[in-house]
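Reader: I have a protein model open and would like to learn how to read it. Could you walk me through some features?

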Amino acid sequence: MMDTSARLLRLLSLLQTPRAWPGSELAERLGVSGRTVRNDIDRLRELGYPVDATRGTTGGYRLGAGAAMPPLLLDDEEAVAVTVALRTAAQGSVPGTEETSLRALGKLEQVLPSRLRRRVRALAAYTVAVPADRPVPVVSADVLTTLVSACRDRERLRFDYLDHAGSPTRRTVEPYRAVNWGRRWYLVAWDVEREDWRTFRVDRIRPRTPAGPRFPPREPPGGDLAAYVSRRVSGAAWRHHARVTVHAPAAAVIERINPAVGTVEALDADTCVLVTGGDTVQTIAVHLGMLDCDFEVTEPAELVDHLRRLAGRYARSTPPPAG
């Protein structure tokens, strides 16, 4: 049986998970009686930890929010995961968090057991991050916090915004979620004036204060919010758009197409339409070639011309069949 100090630390670790623990389950986990669990709960409360208790079939003990943060008890894998996440955040695109991430990382590495410190330092020494292939827009931590707070509190937001063409606009929205896609952040919100859902790049938002009135929740768009943002963001950024008839079942094409590349609409059991696009027709041609399926393209004209040139180039690059 664990001594009292070890048992209290184990109990505190269990209570830090986001669930309510029935007293009987805690007693079984700790190998003690229900009375001992109640006494240990009282000891934690005397030490300043706010342990809440609820009755009923779904009740139990749960660690509440207090005036100070309690010691964070992590197992080995959790400690490594948090360390890697902090190191990644210190190199991230949200200014204002790098220094605090480094401070937290330093504190965590200082108290790691030697076996874990070796693993973490090996990860740092023998991994290399490849820089993004294009400049990454930076997002203000204050702006991001303002947006997610408005989502949580269901308060209308007013902000100045630069659209895709760089034109300034002023928007009033009912914010729903902030979505992280790669190293960019987007706000999904109901545009009050346009009476429709819109997606906004967070790095182009300049919030105005104070926040507006509270609003009732709406049914979110799409269903899969990540897929919805991928379709909206990629489509808005495309310079060239194309509808391609693909001679393959829609399910087979969907397996090969990321939502950021395009959407697939079934025509019949063996044919579908791929709605896609890109900054260049060369990019679209690459995606079409990777389908490994027969397809037909009638527009845009620039894409049709490019595919004809590719067909001739590929034909010239291979010897004629023998015989």
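Reader: Let's start with Trp197: is this residue buried or exposed?

Author: Buried means under 20% relative accessible area, exposed means over 50%, and partly exposed is in between (1.4 Å probe, protein chains only). Trp197 counts as buried because its relative accessibility is 10%. Trp190 is buried too, with a relative accessible area of 15%. One caution about the source: this is a predicted model, in which local features need pLDDT of at least 70 and side-chain atom pairs count only at pLDDT 80 or more, while totals for chains, interfaces and linings use all residues. Residues are numbered from 1 along each chain as its sequence is written, and side-chain values use heavy atoms, with hydrogens and water left out.

Reader: How many aromatic pairs does the structure hold?

Author: Rings of Phe, Tyr and Trp (its six-membered ring) pair if their centres lie within 6.5 Å; planes under 30 degrees apart count as stacked, over 60 as edge-to-face and the rest as tilted. The structure holds five such pairs. One of them joins Trp190 and Trp197 edge-to-face, with 5.8 Å centre to centre and 80° between the planes. Phe159 and Tyr161 also form an edge-to-face pair, at 6.2 Å and 70°.

Reader: Which residue lies over the face of Trp21?

Author: A charge sits over a ring if NZ of Lys or CZ of Arg is within 6 Å of the ring centre and within 35 degrees of the ring normal. Over Trp21 you will find Arg19, at 3.8 Å from the ring centre. Arg177 does likewise with Tyr176, at 4.4 Å.

Reader: How do I read a helix such as α11?

Author: Helices (H or I, at least four residues) and strands (E, at least two) are DSSP runs, numbered from the N terminus. The expected span of a helix is 1.5 Å times one less than its number of residues. Helix α11 (residues 301-316) has 16 residues and reaches 23 Å from first C-alpha to last, close to the expected 22 Å.

Reader: Which residues of α11 are buried?

Author: They are Leu303, Val304, His306, Leu307 and Leu310. These residues lie on the same side of α11, because they cover an arc of only 160° around the axis; the arc is that of the directions from the helix axis to the C-beta atoms. Here is the general idea: an α-helix has 3.6 residues a turn, so residues three or four places apart point the same way. The face turned away from the buried side carries the exposed residues Ala301, Arg308, Ala315 and Arg316.

Reader: What do the buried residues of α11 pack against?

Author: Their partners are β8 (240-246), α10 (281-290) and β11 (295-297). Look also at Pro300, in the loop between β11 and α11. Contact means heavy atoms within 4.5 Å, and Pro300 is in contact with His241 and Ala242, leaving aside neighbours within four places in sequence. Pro300 and Ala242 are 58 residues apart in sequence, yet 6.2 Å apart in space, C-alpha to C-alpha.

Reader: And where is Glu109?

Author: Glu109 is in helix α5 (residues 98-111). With a relative accessible area of 17%, Glu109 is buried. Not counting residues up to four places away in sequence, Glu109 touches Thr83, Arg87, Arg117 and Val120.
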